[in-house]
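Colleague: Could you take a close look at one part of this model for me, the sheet and what surrounds its strands? I would like one connected walk through it.

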Amino acid sequence: PSSYGYVYKVDLSNNGLSGTLLDSIGNLPYLTSLDLWGNSLTGAIPPQIGNLTSLTYLDLDSNSLTSTIPSSLGDLSQLQQLYLENNQLTGTIPFELGNLASITTINFSTNQLNGTIPSFTSSNFPAIQYAFLDHNQFSGTVPFWNIPYSALIPLL
């Protein structure tokens, strides 16, 4: 089906789930919270996750997700908290994540991300409080994001 009804919250964290995230995850238009941390999920984060435009909380940490961070996450304009740490994600941070104007917390620590950290500004992240990017393979300088100093502490 094109939609699965009025599902607002999915919390299947720490359940020993295995397998991949299906493309049909994008068929939950009313979903505000998706919490799948602490499982054994593998494969890529499907780009269809960008269809979850009501999402405010996304936690996929502590799985075995691979591939890159999909640029479609930048379509989640309501997203406030994004946790992707402790996976095996590769590639760069998509510039499209600069569209996350409601984001307060980003955690990409302990992956295999590389390249330079995008130069976002306070207009991109006016509400940011925490940005965890440690234990990756970034190169270059840490950009000045013009965000509160407290948000930069985890970068150091």
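Modeller: Happy to; below I go from the sheet to the residues around its strands. Please keep in mind that this is a predicted model.

Let's begin with the overall layout. The open sheet is built from six strands, and their order is β1-β3-β5-β7-β9-β11. Their pairing is parallel. At the edges sit β1, residues 9–11, and β11, residues 130–132, each of which pairs on one side only. From one strand to the next, the twist averages 10°.

Strand β1 is joined by three bridges to β3, which covers residues 33–35, and the two run parallel. Val 10 has Leu 34 as its bridge partner in β3. In the segment before β1 you will find Val 7. Val 7 counts as partly exposed because its relative accessibility is 27%, and buried would require under 20%. Setting aside residues up to four places away in sequence, Val 7 touches Leu 28, Tyr 30 and Leu 31. The C-alpha atoms of Val 7 and Thr 32 are 8.5 Å apart, although 25 residues separate the two along the chain. Tyr 30, one of the contacts of Val 7, also belongs to an aromatic cluster with Tyr 6 and Tyr 8.

Next comes the nonpolar core. Leu 34, the partner of Val 10, returns here: the largest nonpolar core has 34 residues, and Leu 34 is among those that touch the most other members, along with Leu 58, Leu 60, Leu 73, Leu 82, Leu 84 and Phe 108. In soluble globular proteins, nonpolar side chains tend to be buried together.

Tyr 83 leads us to the aromatic rings. The whole structure holds four aromatic pairs. In one of them, Tyr 57 and Tyr 83 have ring centres 5.8 Å apart and planes at 50°, so this pair is tilted. Tyr 57 belongs to strand β5 (residues 57–59) and Tyr 83 to strand β7 (residues 81–83), so the pair links distant parts of the chain, 26 residues apart. Tyr 57 is partly exposed because its relative accessibility is 21%, whereas Tyr 83, at 17%, is buried.

Finally, have a look at β10, residues 112–115. Its covered face has Leu 113 and Gly 115, and its uncovered face has Gln 112 and Asn 114. In a regular strand, side chains alternate between the two faces of the sheet. Two bridges connect β8, residues 90–91, with β10 in parallel, and Thr 90 has Gln 112 as its partner. Another two bridges connect β10 with β12, again parallel, with Asn 114 partnered by Gln 137.

Asn 136 sits in the loop between β11 and β12, and is buried at 17% relative accessible area. A polar atom of the Asn 136 side chain lies 3.5 Å from the backbone nitrogen of Gln 112, and one lies 3.3 Å from the backbone oxygen of Asp 134. Among the residues that Asn 136 touches are Phe 108, Gln 112 and Leu 113. Phe 108 brings us back to the core, where it is listed with the residues touching the most other members.

Conventions:
Residues numbered from 1 in each chain as written. Predicted model: local features only at pLDDT ≥ 70, side-chain atom pairs only at ≥ 80, totals over all residues. Heavy atoms only, no water. Core = buried A, V, L, I, M, F, W, Y, C linked by side-chain atoms within 4.5 Å. Buried < 20%, exposed > 50% of the residue type's maximum accessible area, 1.4 Å probe, protein only. Pairing = 2+ DSSP bridges. Helix = DSSP H or I, 4+ residues; strand = E, 2+ residues; numbered from the N terminus. Axes fitted to C-alpha atoms, helices over the stretch in contact; angles between N-to-C directions. Contact = heavy atoms within 4.5 Å. Polar contact = N/O pair within 3.5 Å; in protein donor to acceptor, adjacent residues only side chain to side chain. Phe/Tyr/Trp six-rings, centres within 6.5 Å; stacked < 30°, edge-to-face > 60°.
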